[in-house]
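Hi everyone, thanks for coming.

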Amino acid sequence: MTNLQLEPDSEVPDVADDGVWLACIECGEALAPFDDILYTCPKCDGLLEARYDSYPTFDDFSGSGVWRYRETMPVEMGVTLQEGNTPLYPVPEIEDEVGVEYLRVKHEGMNPTGSFKDRGMTVGVQVARVLGVDRLACASTGNTSAALAAYGTRSGLETLVLLPAGKVAAGKVAQASLHGARILEVDGNFDTCLDIVSDLADRGEAYLLNSLNPFRLEGQKTIGLEILESVRDETGAFPDRIVLPVGNAGNTAALYKAFRELVASGELAEDEVPKLTGVQAEGAAPMVEAIENGADEVTRWDEVETKATAIRIGNPVNAPKALPGIRATGGTAIAVSDEEITDAQRSLAEEGVGVEPASAASVAGLRKLRAQGVVSADERVVCLTTGHLLKDPDAAAAAGRDPEPVPGTTEGVLDHLQG
């Protein structure tokens, strides 16, 4: 799909369950959502997308958090840790420095396990319960494993996470461990882990809850719904642009779907849809490469390296959904260096917003695009930050000030401060 049209079908397919079905984005095949466990189209192996017989407007929403938007979900609320409803922070110093009319930071690190992944897991784990599976699994650079472990243990299901050995921040491994997941450290990178866990899922050994799973993105699209409501309530208009870090490109795909559903409902005009702007680290930038080359698909990077561990991914599985989203909304994608990411992380911290390195990529990307003139001064911009500072305490310590040793007396402390 390469445009913003997502009209409700005039006839609900026979396979629909309470007005919900799965559709292949490549061949259009309609599939029953809960009869079988499906991740991709059995006919053409294309990515699947949840579809509905109608799409609600903002007036239909009530409550708070992810499940405020239950009318846009494939299942009823089940496993929840009160995820969503994350803050939209003003960052006046960065706003002035960058030189845009309006800048806010949507801090997804304020979710229960410290990242946006909770939004997808509350929906995905509930679907797993509906399907009756007994083991959940994911490949992860860290945040997915923490969220899956928390929601899996809450639901009473066995949880298996595959991590690239030596490549995951300690804070994230600790979360998955404490929540009771079985942690397998794989000799390889994230994409190797995803290859293995996908094979396990195909063999029926586990239910896959990476963002290849179409139901996970249904939870993640609520990021976009919250942003639109919050900015509209504050300014009377929707944002012109949303800048976000890109790893597996699930959020880019999810926000694009949220916007298309709002266009279909008549709530959002096509010329009001924010420009989706993706940011990757220079050492892991296959999406940027595809955008710059005008390619319809990404070329897998087998070797990836960046201190932004959460986006250290060389084969973004949601690229077929995300690339059209960037292009259809008039957005773009840009790569930033690790040094630019760290500088943006420090700038956010100086505004009181603590994020892990990958999160700061959005601000680093905005700075670069503004300097290039791609982003104009009159734009209303929201930068998405995806994970909390304490997800990667080593990176935070390296980016911050060094401790200063002092004597064990008040006079010694005062002498040190005066010196």
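Let's start with two helices: α3 and α4 are roughly parallel to each other, because angles under 35 degrees count as that. Helices here are DSSP runs of H or I with at least four residues, strands are E runs of at least two, and both are numbered from the N terminus.

Before I go on, this is a predicted model, where local features need pLDDT of at least 70 and side-chain atom pairs count only at 80 or more, while totals for chains, interfaces and linings use all residues. Residues are numbered from 1 along each chain as its sequence is written, and side-chain values use heavy atoms, with hydrogens and water left out.

Okay, so how are two packed helices described? By the angle between their axes and the distance between the axes. Here α3 covers residues 143-155 and α4 covers residues 170-178, and they pack at about 20° with axes 8 Å apart. The axes are lines fitted to C-alpha atoms over the stretch in contact, and angles run from 0 to 180 degrees between N-to-C directions.

Who meets whom? On the α3 side we have N143, S145, A146 and A149, and on the α4 side K172, Q175 and A176, with contact meaning heavy atoms within 4.5 Å. That contact divides into three nonpolar residues, three polar and one charged. Charged means Asp, Glu, Lys and Arg; nonpolar means Ala, Val, Leu, Ile, Met, Phe, Trp, Tyr, Cys and Pro; the others, Gly among them, are polar.

Key. Parallel < 35°, antiparallel > 145°, perpendicular 65-115°, else oblique.
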